[in-house]
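Grab a viewer and work through these exercises on helix packing and strand pairing. Each one comes with a worked solution.

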Amino acid sequence: MEVVEMLEIQKDKIEEENKLSSGERLVVLKDKSCRALVEKWLGNGVDLHLCSVVGIDNEDAIQVLYYFMDRKDNTTVAVAVNLDHEKPVTDTIGDLIGSSVYEGEATEMFGIEFTGNEIARVFLPENWVGGYPLRKSWKKEDYFDE
Amino acid sequence: MISDIALFLFQSIVFPGVFFIVTLAFGSNWMYRKIYARLQRRVGPDSAGKYGFMQGFADFLKTASKEEIVPRSANQVIFRVLPIIAPVPIIVGIFFIPMMGLRGMISSPGDIYAIVFILTIVTAIEIVLGWSSGSKYSLIGASRSGMQLVSFGIPLIFSMLYPIIRAGSFNLMDIVLAQDGTNFGFLPRWNVLGLGVIAFVLFLISALAELEKPPFDTPEAETEIAGGWTLEYSGRSYAYILLMEDLKMVFVISIGVVLFLGGPLGPTFGISGWGLALLYFVYFSLKYFMVLIILTIISSGLARLKIRQIVFGSWSFLTPISIVFIILVMVLGGV
Amino acid sequence: MSKRDYTEFNLGPQHPALKEPETFRVVVEGERIVKAEAILGHTHRGIEKVAEQRDYNKALYLAERICGICSFAHNANFARAVEFVADVEVPERAQYLRVLVAELERLHSHMLWLGVLAHEIGFDTFYFLVWNDRELVMDALETLTGNRVNYGMNDIGGVRADLTPDIKGLLMRKLDELGPRLEKIKEIALKNKTVISRTKGVGVISNELARKTCVTGPTARSSGINWDLRRDQPYFAYGDLDFDVKVSTDGDVYSKITLRIEELFESMRIIQQVLEHLPEGRIKTDVRGKLDGSAVSRIEAPRGENFHYVDFRNSKEPYRMKVRAPTYANVVSSVEVLVGHYISDIPVIVAANDPCFSCTDRTLVIDRDTERYQILTAKELRKLSIETTKEEIM
Amino acid sequence: MLIIELIKNLFRRPETVKYPYETEGLNFPERLRALHIIDQESCIGCRKCARACPAYVIEMVPLTEDELEARTEKIKKKKVKPVIDLTACIFCGVCEDVCPTDCLNLTNHIVLPSGDKEELEVGD
Amino acid sequence: MKSITNWSRQKSLWLLHMNTGSCNGCDIEILAALTARLDAERFGVKLVGSPRHADVLVCTGPVTIKMMDAVKKTYAQMPEPKFVVVVGSCGSTGGVFRGGYNIYDGVEKAIPVDLYIPGCPPKPEAVIMGVAKLIEKLNGGS
């Protein structure tokens, strides 16, 4: 079954739907996790490919944007979840599809907690104390003297 | 008496002694690099001396003049002392080789024993050198070096057996003399021309392994273990290791020339005395460089093998082939 | 098997096999790899954060310097993303010129990779021969764009340099010279016994693993995933051009060599078509002022799919820029297949994906103390009580 | 076959160009972006290059007394002049593109290496 | 004796190439300088794998903070006399990334630098000129 069709069925779970400037559908979920959706897709044999996981600091909320592609019928869709700015938590999809490192990167850069994903550091060192550097409020002076 | 001693000293130190051998080693190093570069459509070293001939010497001198660092994890005594004495066995070994005349500087009824012993000792030294530097890469390099020794020992020795059987002697002079004269009036009776070509090929392969040149450069594989057993050495120690490697090349190739290509033999044109010695030397060096070029072409045309493949290939192909070959030769009575 | 049979050591960050600083920590038993992990992050330069303070014209040159080998792919991809947001039409001639440079870059990148792989397996002669032939492509690129590596060819809305008849003639000449040389390369690389023995059956990435880890590019195509963005989601002028996408199902290093060599010939074909059918017209549409909106652009870089996300919030500076380089997607799979192989295979398998860690590590890092690194895979590795390296040499 | 190729190579002329002693066969195309030349006579000090530079390496230095005196009619209003720090320059050529008087140009002469950063400045 | 030593140093420069966080551009250009077209081996230049064997440390890249220790460690492992050559803008001053807080803005912040080869990346010809310059510098007496 196509990715798009699956989305239509699950319409009640979608909060709002936009389009990116490049033409892809951007679906913002009501849920704080897209795990159910991905499980459904994979369960129905969709040839799913995850391009990337993008974290975005929206001042009021932390958004996680998953960019999926269905290789079979060549459709792309961006799925976003809005998380609490103070304590962003969502489910991992790393065990379903290879997103562990992308999620790890989002964890270290934005402080998003992916439940079930043990990778907390990809690029930064383990003893990192400099906060979440890609957040908009992050300032170098807060953490370092130089 | 005095003049004998003087001659011996002159022979052992200046010509064809240590000084000359070291020059030859550096020359071989330069030659190898130059041919290697040429095969890759490059020029190769050409700034040190005329056509870069002094390159090996420059490398040695520069390395020797550098600071020597001894890592804390190394075995202090062996690490400092062993590199300095490492080139000595090979120089002694080269003294056995008849270059100028039919007799080497040292000659005994059991030359081949000594040569095989020295070849083994050299690898043993490499293993100890690698082990004593106390680095993991060195250790892996040393163990690979040992594995190669074990794998290629039998083919190497068996390939050397063919000339011995033909000459019926372990003495290098006898082996050289057995290759004198011609077949059919024009073909020299070198061991390589005839059944001995199999032995020669076996010898070349084993020689590459002994020299640790590609495709058998696993003990020093730069992209895998970053230099292997030489990794931790610097300054004077490393200079001696470089010298040792160059000398090893001279030694192994010389053995090949003597055993299979008739050593210094060639048409004499009735010349005798010093002229003959010179002529012998010219023949010897021509053959020497021929073998060097062949070795370089082989080693540059192949990718490095894995140590497993080397061990496997050696035990399942080279060793049986060499054994069968030698049995054949014995049955045929040293054709 | 007792614990003392294990040796742990680090390849990198400074190691002759890895031209880039990256650490591979492997645990070996004898020479056999028991565990392997990649430690990323030595070339983080914080490009994503720095880009947030630069306007799009300047960030373009920042994107170019994400990676020196696939610089055009990053640069063009960023430009394409911004063009989506600005909603401008890029002139057709510029699209064709972008294809031209992209394919020239693919040629040079694949040849570079071949050379590097040959160097990893100790086959230096082949490395020198390939790199010598590569100079032809570099000359072509240099003459066309004005630089050998970071071409500076793109601008938002088009390209900066046009193809003059002189340069076209030179490109033709260079390509004519390159053709027979590529045939020679193909013959040497695919028929040499030692190359085959070092690469065949080594580092097999199965189709399942490839799908699970979402690998891209030649790595995916060698594992039987028939996917190429140039064909399936055409960008620039690829829709008008005729070329084949090669697929292999073996998944080993040898199939990757075959695949990339085939791609070299396809690139040659594409370049020839571009030179023949180059349309006339302008080469640039101007983009000015503030932008609003977000866009994703994906193009097929030499190593695989290159993902750029840009977000403008009524500003000239991107609010968020996210780059996902192909190596980032591929490195996990190559680390996973390392287990069970031998030390000699590490450089081969790692190099087989054509890793480009400077792409991967573009994000920010501040590190006060490099003594400890995070483990990427195989967390149970930590449970192995292994004597830590006394002095990290390399 | 590789072996045949190798033996051929042994007798072929190497492809090496003995740079810096000879330059025949090396590629220095017209478009090559290397060493800058600034014609301070025609520069009007408009700062456009400095603003456009992606690496922020063009510094607008105030003119000295002598230079202020020596201004010609054409550049009467000029108060600053561009100085380029080559050690940080990325040779993208944007400054050349934006220059309104065409006084800043990138030549195809490679920048010579130096041990002294002071030497690697253009414009002074 | 001293002059012979100096001569040997000029004729046999062994490089250790180290990427300190660059974009790869400079690295491939250094390798290109070693290949057939320009063949740096003419000057006795050789790439070595171990810092213990090297005379010249060739750095590329702005030194990311994670690489800082590795650079210092590698430099310390090299035997005297040793030289440092920086290739490219990033290594010299940070280049386009200059001011980024995650990098040290150049190799000179970590170790003393003897020669800068500017360019982004420098042409292989410039790398050869750098080698020639270094030899010249050695010739002038050290």
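Predicted model: local features only at pLDDT ≥ 70, side-chain atom pairs only at ≥ 80, totals over all residues.

**Exercise 1: a helix pair in chain B**

The axes of helix 2 (residues 18–39) of chain B and helix 12 (residues 274–300) of chain B come within 10 Å and cross at roughly 40°.

*Solution.* Residues are numbered from 1 along each chain as its sequence is written, chains are lettered from A and ligands numbered from 1 in the order in which they are written, and side-chain values use heavy atoms, leaving out hydrogens and water.

Step 1: helix 2 of chain B and helix 12 of chain B are therefore oblique to each other (under 35 degrees is roughly parallel, over 145 roughly antiparallel, 65 to 115 roughly perpendicular, the rest oblique).

Step 2: the crossing of this pair, helix 2 of chain B and helix 12 of chain B, is right-handed.

Step 3: look for contacts (heavy atoms within 4.5 Å). Helix 2 of chain B brings residues including Phe20(B), Met31(B) and Tyr36(B), and helix 12 of chain B brings others, among them Phe281(B), Leu292(B) and Ile297(B). Sorted by class, the contact of helix 2 of chain B with helix 12 of chain B has 12 nonpolar, 4 polar and no charged residues.

**Exercise 2: another pair in chain B**

Describe how helix 7 (residues 136–167) of chain B crosses helix 9 (residues 196–211) of chain B.

*Solution.* Step 1: their axes come within 8 Å and cross at roughly 150°. Helix 7 of chain B and helix 9 of chain B are therefore roughly antiparallel to each other.

Step 1: the crossing of helix 7 of chain B and helix 9 of chain B is left-handed. Among the residues making the contact are Phe152(B) and Leu156(B) of helix 7 of chain B and Leu202(B) and Phe203(B) of helix 9 of chain B.

**Exercise 3: a strand in chain A**

Is strand 4 (residues 61–70) of chain A mostly covered or uncovered, and what does it pair with?

*Solution.* Step 1: strand 4 of chain A is mostly covered, with 10 of its 10 residues buried (under 20% relative accessible area, 1.4 Å probe, protein chains only).

Step 1: strand 4 of chain A runs antiparallel to strand 3 (residues 48–57) of chain A, joined by 9 bridges, and antiparallel to strand 5 (residues 75–84) of chain A, joined by 10 bridges.

Step 2: Met69(A) stands opposite His49(A), and its bridge partner in strand 5 of chain A is Thr76(A).

Terms used
Axes fitted to C-alpha atoms, helices over the stretch in contact; angles between N-to-C directions. Helix = DSSP H or I, 4+ residues; strand = E, 2+ residues; numbered from the N terminus. Left-handed = near helix turned anticlockwise from the far one by under 90°. Nonpolar A, V, L, I, M, F, W, Y, C, P; charged D, E, K, R; others polar. Buried < 20%, exposed > 50% of the residue type's maximum accessible area, 1.4 Å probe, protein only. Pairing = 2+ DSSP bridges.
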